[in-house]
Amino acid sequence: MVRRLEALILSVTCLSFIAAQPAAAETVTIGIGTQDTTTNTVTAGTVVRQLKLLEKYLPRDGKYANIKFEIEWQNFTSGPPITNGMMANKLQFGMMGDYPLIVNGFTFETNPESKSRLIAVAAYSLSGSGNGIVVHKDSPYYELSDLKGKLVSVPFGSAAHGMVLKALQDGGYPSDFFQLVSQTPEVGSTNLQERKIDAHADFVPFAELLPFRGFARKIYDGVQTNLPTFHGVVVRTDFAEKYPEVVIAYIKAVVAANQWLRQDPKAAAEKIQEWTGINKEVVYIFLGPGGNMTTDPTIKPALVDAAATDVKVLQSLGRMKEFDPKKWVDDSYIRKAYAELKLDYDKELASTANYEVSGEDKFCNKPITEPRKAGEVWVDGEGISAFSSAACTLGAYADYKAKGKKINVAYVFDTARGIKLFADLAFFAAANGEIAPFLLKKDAEAYAAKTGGKVMGLDEAVKLAVAGGKT
Amino acid sequence: MSSPALMTSPEQAAAPAAPAAATPPSRPELSSRAARWFRLNQDRLRGLLIGTASLILFLIAWHLLTTYRVVFFVKFTNVPAPLAVYASFTKAIHDPKFLMHILLSCRRIFIGFSLAALVGVPLGLIMGRFKLVHEIIFPVAEVLRPIPAIAWVPMAIMLWPTNEQSIVFITFLGSFFPILVNTLHGMTLVDPVLVRAAKCLGARETSIFREVYFPASLPHIFTGLTVGMGVAWVSLIAAEMISGQFGIGYFTWEAYSLVQYADIALGMIAIGVLGLGSSLVIRAAGQLVMPWRSR
């Protein structure tokens with residue numbers, strides 16, 4: 001009897017569910033193509049996914065009362081497959097680097113159903129950092145000119161490809177200065193490790209990740225081209241026009257992800273390592289304070305101009321016909337999102353400041369006043385401490401070691417270019433108690449020659465910092 | 001532009017086939033040799049005509065589906081039209097680099113496939129003849145066989161000193177296993193009565209091998225070679241990702257990384273045509289080696 005009653009109740013509830021269904025019938029699938037391993041897209045993809053930020057901001061009332069959203073995240077290692085998925089309408093949102101973004105916009109020009117629009121930026125570097133050229137650590141190459149006649153690989157059509165072309169142009173080198181071949185990051189990394197190629201140029205995070213993994217050395221950083229680079233988010237216009245509120249919600253989620261990251265960069269780096277497999281120390285060098293990438297969703301005019309320069313490069317390679325990046329950018333959604341969040345879009349648009357290393361130097365006992373001359377030490381299990389100068393950082397480094405602490409990594413800033421470096425991979429020029437870190441050996445040598453000092457590696461510099469006492 | 005021409009040709013192609021078959025007897029004054037040749041090759045001609053017609057129909061279907069951007073569950077909205085692919089083809093053939101891509105790929109396939117045949121066939125024969133060898137090698141082969149070419153890429157880079165060798169290695173792997181397995185299969189199907197008969201007639205091991213086992217398993221060996229050739233081309237894209245510079249597989253891959261759909265289709269078709277060509281070569285070789293099997 002009880003059984004039958006149970007069955008009855010069950011079937012009635014089932015029926016009521018079925019009856020209730022038609023009212024909330026429409027399910028809208030939102031396909032989002034992310035690049036988890038491309039560290040500077042995480043605030044627009046991985047973080048939003050993992051913290052369920054988009055769900056938080058998705059519209060629920062008005063015309064959306066009867067719509068059920070289904071978010072489908074797909075992860076890729078480069079931009080082109082995302083463009084492919086977007087063209088096929090399997091993905092409505094996609095994030096990728098500057099060159100793939102332009103190719104995305106251009107490819108959509110021929111699509112009769114929809115175009116694509118750049119609606120937000122994930123992260124950028126106005127000076128072009130993030131991309132870089134690495135060589136095997138045991139090879140005798142220290143700068144671009146050393147690569148004459150050598151075999152260099154780069155993923156064609158990527159932001160790094162653009163950097164290589166610009167670097168050649170800047171150096172006044174002919175296009176056959178070295179032999180340039182196309183290899184994906186995965187293939188290029190293995191080839192470099194096996195020394196099948198002399199150098200590999202790549203985008204975030206490989207130019208830092210490969211040196212960090214111990215077999216490569218960066219000899220060229222994108223800052224040397226001084227051409228801005230960025231990763232951004234594109235959306236299909238047919239989707240955006242039908243559900244503009246969803247696009248706005250997405251941008252709000254990106255803003256929230258940025259806030260989450262900056263609140264506690266160390267914890268964020270650890271989480272991102274857990275989600276993406278990229279080492280936290282590498283994540284931190286890009287996204288931490290004073291990092292090589294600025295996470296900022298606003299679409300800066302400088303970035304759009306850079307995109308126009310990129311278009312010219314692609315045109316000169318015969319890869320693209322007419323394309324106007326200005327018409328492809330659509331900031332109406334992000335402006336609405338900022339307004340709804342009560343944030344000042346124009347103010348953030350005008351600012352190109354990153355958040356910086358700050359606080360009190362506990363080793364030299366003074367406040368950090370010049371963040372791009374500062375340094376940080378990450379002690380395993382304890383956290384990251386900031387120091388006011390390279391010498392203080394190295395002194396603290398020695399101090400931690402003496403206390404038997406395990407140091408994950410130490411960061412210093414390039415004296416000439418202001419980019420963040422792994423201390424163990426930097427070159428140091430030391431003179432009169434001052435220690436100046438550099439990415440490039442030639443910069444360190446030039447500085448040493450000017451100041452009458454000498455060039456050394458980390459170990460020697462640490463000894464010097466200890467001997468020189470606290471500066 | 002070419003579509004009206006394409007439209008008419010299947011009817012033209014189909015029309016002469018029927019009367020042509022009927023002509024020879026009604027016109028005895030025509031060279032009887034030609035008639036005889038025609039009669040002998042009637043089947044082949046028929047196949048050729050129908051084959052051409054079906055290819056043309058395929059092109060027309062492709063053209064119409066993409067021109068009208070047909071959507072019925074599968075979407076042809078952004079699939080490149082045959083004319084667009086033809087345009088990138090005309091551009092490509094004027095580019096010496098494209099020829100280089102094709103030549104290099106053919107060379108890689110040739111070397112990889114030849115090595116696979118030279119190793120796979122004898123190994124299969126030996127494994128089929130000697131149980132111990134079979135027991136030792138078969139489990140390893142069975143484990144390695146399902147591994148797709150693309151998964152071999154990192155290992156291939158590390159194993160071989162040069163990239164060219166890595167690429168040849170991957171095409172080799174692709175064709176090796178089908179050849180080995182088919183040869184083995186051929187060996188198991190050899191009629192034991194034939195072997196016993198040869199033994200009764202006093203044949204030694206080497207002659208049994210040469211006169212009985214090998215010819216009897218040849219048809220299967222050639223099946224293996226044809227399948228192996230197909231898989232070698234399949235492995236090509238994965239292999240040529242390593243080179244980063246040349247090869248038709250690389251051409252297709254690069255087109256993908258720059259999202260150029262017409263070039264992707266061109267690369268696919270080129271691989272298809274080259275694959276067809278190499279299969280025909282193997283089939284012709286098979287007919288030369290096994291004249292008793294020509295149909």
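Before we click on anything, a quick word on the labels: helices (at least four residues) and strands (at least two) are DSSP runs, numbered from the N terminus. Keep in mind, too, that this is a predicted model.

**Stop 1: two spots with positive phi**

Select A:Asn226. You'll find A:Asn226 in the loop between E9 and strand E10 (229-236) of chain A. Its phi is near 60°, a positive value in a residue other than glycine. Is A:Asn226 buried or exposed? With a relative accessible area of 55%, A:Asn226 is exposed, because the cut-off for exposed is over 50%.

Now hop to A:Lys342, in the loop between helix H15 (332-340) and helix H16 (345-350) of chain A. A:Lys342 is not a glycine either, yet its phi is positive, about 60°. This residue is exposed, with a relative accessible area of 75%.

**Stop 2: a cis peptide bond**

Next, pick A:Val204 and A:Pro205 together. The peptide bond from A:Val204 to A:Pro205 is cis, and its omega is near 0°. A:Pro205 belongs to the loop between strand E8 (199-202) and H8 of chain A.

**Stop 3: an enclosed space**

How many cavities of 30 Å³ or more does a search of the whole structure find? Three. The largest cavity has a volume of about 120 Å³. To get there, select A:Glu208, A:Lys218, A:Phe422, A:Leu425 and A:Leu439, the closest to its centre of the 13 lining residues. Helix H8 (206-212), strand E9 (216-221) and strand E17 (420-422) of chain A each give two or more residues to this lining.

While you're in this part of chain A, click on A:Lys420, which sits in strand E17. A:Lys420 has 0% relative accessibility, so it counts as buried.

**Stop 4: the disulfide**

Show the side chains of A:Cys364 and A:Cys392. These two form a disulfide, with their sulfur atoms 1.9 Å apart. The link joins distant parts of the chain: A:Cys364 is in the loop between strand E12 (360-361) and strand E13 (366-367), while A:Cys392 is in helix H17 (residues 390-402), 28 residues apart. Which hand does the link have? It is left-handed, with -115° about the S-S bond. Both cysteines are buried, and the count over all chains comes to one disulfide.

Now try two cysteines in chain B. B:Cys106 counts as partly exposed, because its relative accessibility is 27%. B:Cys200, at 69% relative accessible area, is exposed.

**Stop 5: a nonpolar patch on chain B**

B:Met155, B:Met158, B:Leu159 and B:Trp160 make a nonpolar surface patch of about 380 Å². One of them, B:Leu159, lies in helix H8 (residues 149-159) of chain B. B:Leu159 has 53% relative accessibility, so it counts as exposed.

**Stop 6**

Helix H4 (42-67), helix H5 (82-93), helix H6 (96-129) and helix H13 (261-289) of chain B each supply at least two lining residues. Which helix gives the largest share of the lining? That's H13(B), with nine residues.

Note on methods:
Residues are numbered from 1 along each chain as its sequence is written. Chains are lettered from A and ligands numbered from 1 in the order in which they are written. This is a predicted model: local features need pLDDT of at least 70, side-chain atom pairs count only at pLDDT 80 or more; totals for chains, interfaces and linings use all residues. Side-chain values use heavy atoms; hydrogens and water are left out. A disulfide is a pair of cysteine sulfur atoms within 2.5 Å. Buried means under 20% relative accessible area, exposed over 50%, partly exposed in between (1.4 Å probe, protein chains only). Patches are made of residues with over 30% relative accessible area and no salt bridge: like charges are joined within 9 Å, nonpolar side chains (Val, Leu, Ile, Met, Phe, Trp, Tyr) within 5 Å. Accessible areas come from the Shrake-Rupley method with a 1.4 Å probe; for residues, only the protein chains shown count as cover. A salt bridge is a side-chain nitrogen of Lys or Arg within 4 Å of a carboxyl oxygen of Asp or Glu. On a 1 Å grid over the protein atoms alone, a cavity is a set of points where a 1.4 Å probe fits but cannot get out, and a pocket is an open set with protein on both sides within 12 Å along at least five of seven lines; lining residues have an atom within 4 Å of a point. Grid points are joined across faces, edges and corners, and a volume is the space filled by probe spheres set on the points.
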